Amino acid sequence: MKENKCILVIDDEPDIREIAKLSFQITRSWQVVTAGSGPDGVTQAATHQPDAILLDVVMPLCDGLATLKMLKAQAETANIPVILLTATAKLATHGDFLKAGAQGIITKPFDPG
């Protein structure tokens, strides 16, 4: 069993990745792995087997829903809880993400404390 929790932050915005990383490291002493794209995030998830994934919804090329579906389709990442991070608050699309396997949704901007 892991001594410290590990979280993977998948977001195309470097500032968001850094804020989330520092927040989890400082407030929770968690190990944080980051990825700047959906495909990189899927690779990082398979490699590091994090305890949870914080996934941005709006990203170029491969958005959050496509990334979530890739994570849930692979045996090595299918059971990792995924929490979505979004700047949009469209409730209609939230249902699609929850049906696809997301555990929850956090709206940007968020309080890192």
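**Close-up views of a predicted model**

**View A. Surroundings of Gly-36.** Beyond the neighbours within four places in sequence, Gly-36 is in contact (heavy atoms within 4.5 Å) with Asp-11, Asp-12 and Arg-17. Gly-36 sits in the loop between strand 2 and helix 2; helices (H or I, at least four residues) and strands (E, at least two) are DSSP runs numbered from the N terminus. Between the C-alpha atoms of Gly-36 and Arg-17, which are 19 residues apart along the chain, the distance is 8.1 Å. With a relative accessible area of 35%, Gly-36 is partly exposed (buried is under 20%, exposed over 50%, partly exposed in between; 1.4 Å probe, protein chains only).

**View B. The largest nonpolar core.** This core has 18 residues (a nonpolar core is a set of buried Ala, Val, Leu, Ile, Met, Phe, Trp, Tyr and Cys residues joined through side-chain atoms within 4.5 Å). Strand 1 (6-10) and helix 2 (38-48) are among the elements that each supply at least two of its residues. The largest share, three residues, comes from strand 1.

**View C. The aromatic pair.** The structure holds one aromatic pair. Phe-24 and Trp-30 form this pair, which is stacked, with 5.4 Å centre to centre and 0° between the planes (rings of Phe, Tyr and Trp, the last by its six-membered ring, pair if their centres lie within 6.5 Å; planes under 30 degrees apart count as stacked, over 60 as edge-to-face and the rest as tilted). Trp-30 is partly exposed, at 26% relative accessibility.

**Notes.** The model is predicted: local features need pLDDT of at least 70 and side-chain atom pairs pLDDT 80 or more, while totals for chains, interfaces and linings use all residues. Residues are numbered from 1 along each chain as its sequence is written, and side-chain values use heavy atoms, leaving out hydrogens and water.
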